[in-house]
Amino acid sequence: MSLLSVENLEVLFNTDDGVITAVDKIGFELEEGEVLGLVGESGSGKSVTAKSLMQLNPLNTFYGKNSSIRLKLGVGELDVLRLKSSKELVVVRGGAISMIFQEPMASFAPAITIGSQMVEQLMIHTSLSRSAAQELSIEMLQRVGISEADKRFHQYAFELSGGMRQRAMIAMALSTKPKILIADEPTTALDVTIQAQVLDLMKDLIQEFGMAILFITHDLGVIAQVADRVAVMYLGRIVESGPVKQVLHSPAHPYTRSLLNSLPKLDALDEPLTPIPGDIPSPLERPPGCVFHTRCPEAIAGKCSSEIPISVNVEPGHQSACFLNESPVEKTA
Amino acid sequence: MSNQPLVEVENLNVDFPLGRSLLGKPPMLRAVNDVSLKIMPQTFFGLVGESGSGKTTLGRAMLRAAPITSGTISFNHGNTKYDVGAMSKMELKEYRKQAQLIFQDPYAALNPRMTVRDIIAEPLEVMELVQTREEADQKVREIASKCRLNLEHLRRFPHAFSGGQRQRISIARTLVCSPNFVVADESVAALDVSIQADILNLLKSLQNNLGLTFLFISHDLSVVAHICDTVAVMYLGTIVESAPTRSLFTQPKHPYTKALLSAIPTLNPEDRGKAQKLEGEIPSPVNPPSGCRFHTRCPVAEDRCRKEVPQWRESSPGHSVACHLVG
């Protein structure tokens, strides 16, 4: 079995305006040492999916009956969604899975030094003594390329620059040696030159620590540079998934194709930008049938608006949920 | 198109005081350092750089929304000429009708308690460009349809709209007083990619139809590459390179531009590891490096770069660069 297998995951929110489906029966697997990219626009449900892995969603969340998130731990396995109390969840939160967020300033406590925050979580998740935890933390800070780590250890988050803070966040997330690292838009708030540095660092750390990464981003370029496999999400569904080269070079789903066409590319300056028509529908008014049919340039009248397409293999390991992929003949007709 | 630039900036410096001191002058932070540029009429002029490079301050100085410490900014449109740094209050009032700003975040820029119609009409009323409500309505409808807004929506409030639609409302408000010069500061940065392309196409078509001149500020080089005619790259308050878009992106000359271009993640998974990496981070403008401001991170810096400030000169027609090592 894979390190992590998510099946039929359905995440719903109870709100004043009714029940919102944030994630609609998705499934994916994550192998050891693999980087899976989860890409989509805002509102596609990528962050909600990631947070579900640790049950970090707000209190008005409930999960579908058949949803399961199975995590391999040593010889056994557990279903994250069956864990009830936060005591039980400690094994997962920060233990088996760590998470780094988009805005490191918001994820560090502002009035506690970086060092004490790092030591605190090590004392919760490992049996290290305080001094050993401090030693390990400083070593991790050095490892992620922070100079004068023993000085930085005693500083507060506001004293560090954006890139430095994100490095410290990564050091903190990895110090408990998690099996899975969830990176939720870790470089979006950074400048491109700093982003390149952080992505490089993450690639090195994957090699060194061998953990699996679920990498969430809206930037297909970043996915192309770090991920092994990619899953494209739209309005709570995975519309296409597969090895990153196949998905980016021969996208099978119209949404993936449209997304790629709407990106400005530096090597094709004269090509016009083709926006995806219309706006992302509100989660309260999810379209029936294929969720993308309202904006799809290739939608089949009558069919896409009523039936939900199932995922089919277009190539080995490369899946797409579109009626056009089932019967390629119709495409030319 | 005339050969006279619409906006011309010469040796502009913008300083901000750092705190206050009782005795003497407080220490100053130089946000824009000796910048000169020319923006030709009816073009898109792109300004790129990382955060803290001074691009927003430069844009704001051109609208006189930031203090001008020294240097000149002149605005020439037909018979109207302004020395932006030394305008009287009356002139400034007139200048505001000519030069406008589009904001970054369409969620923060629109008053949630005003209808779309009132939001778009507000500049007309403030600047006293219309006498009657009918006249205002007429102008609002004109500009709204140019910005591809549904006229039915004018009675609604901003919360009913998505990011892309809000940005179109924001653009309509900027353009309703028929300005000639528009500063678009990170106007697509907050939008999703599928919406971003739509707004970029809209800006381009508005520019063509209304004969506008844009200063387009962005940190995203691929967006700038697609929409701008001329691009200037800023680093720590100075412009290090400026050229027609094609020439800048195909033959970058300054080491910083080269590094910036190669740091953009490409869509090709085969390109992994090809990027040329810049070490370190942008230094603090409070205490900028001596000589060339980029020398602390430059992969090819020499002794001279640490001591002498490189001259800003034209290295080939239209392509200017400030680097000792570019022949």
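# Chains A and B: terms and values

Reader: What makes up the contacts in chain B with a separation of 6 or more?

Author: Residues 24 or more positions apart account for 63% of them, where two residues are in contact if their C-beta atoms, placed from the backbone, lie within 7 Å. This is a predicted model, in which local features need pLDDT of at least 70, side-chain atom pairs count only at pLDDT 80 or more, and totals for chains, interfaces and linings use all residues. Residues are numbered from 1 along each chain as its sequence is written, while chains are lettered from A and ligands numbered from 1 in the order in which they are written.

Reader: What share of chain B counts as buried?

Author: Of its 327 residues, 43%; buried requires 20 or more other C-beta atoms within 10 Å of the residue's own, with C-beta atoms placed from the backbone.

Reader: Which residues form the contact between the chains?

Author: Chain B gives 34 residues and chain A gives 35 residues. On the side of chain B that touches chain A, α6(B) gives the most, with seven residues. Helices here are DSSP runs of H or I, at least four residues, numbered from the N terminus.

Definitions and conventions: Helix = DSSP H or I, 4+ residues; strand = E, 2+ residues; numbered from the N terminus. Buried ≥ 20, exposed ≤ 12 C-beta atoms within 10 Å, placed from the backbone.
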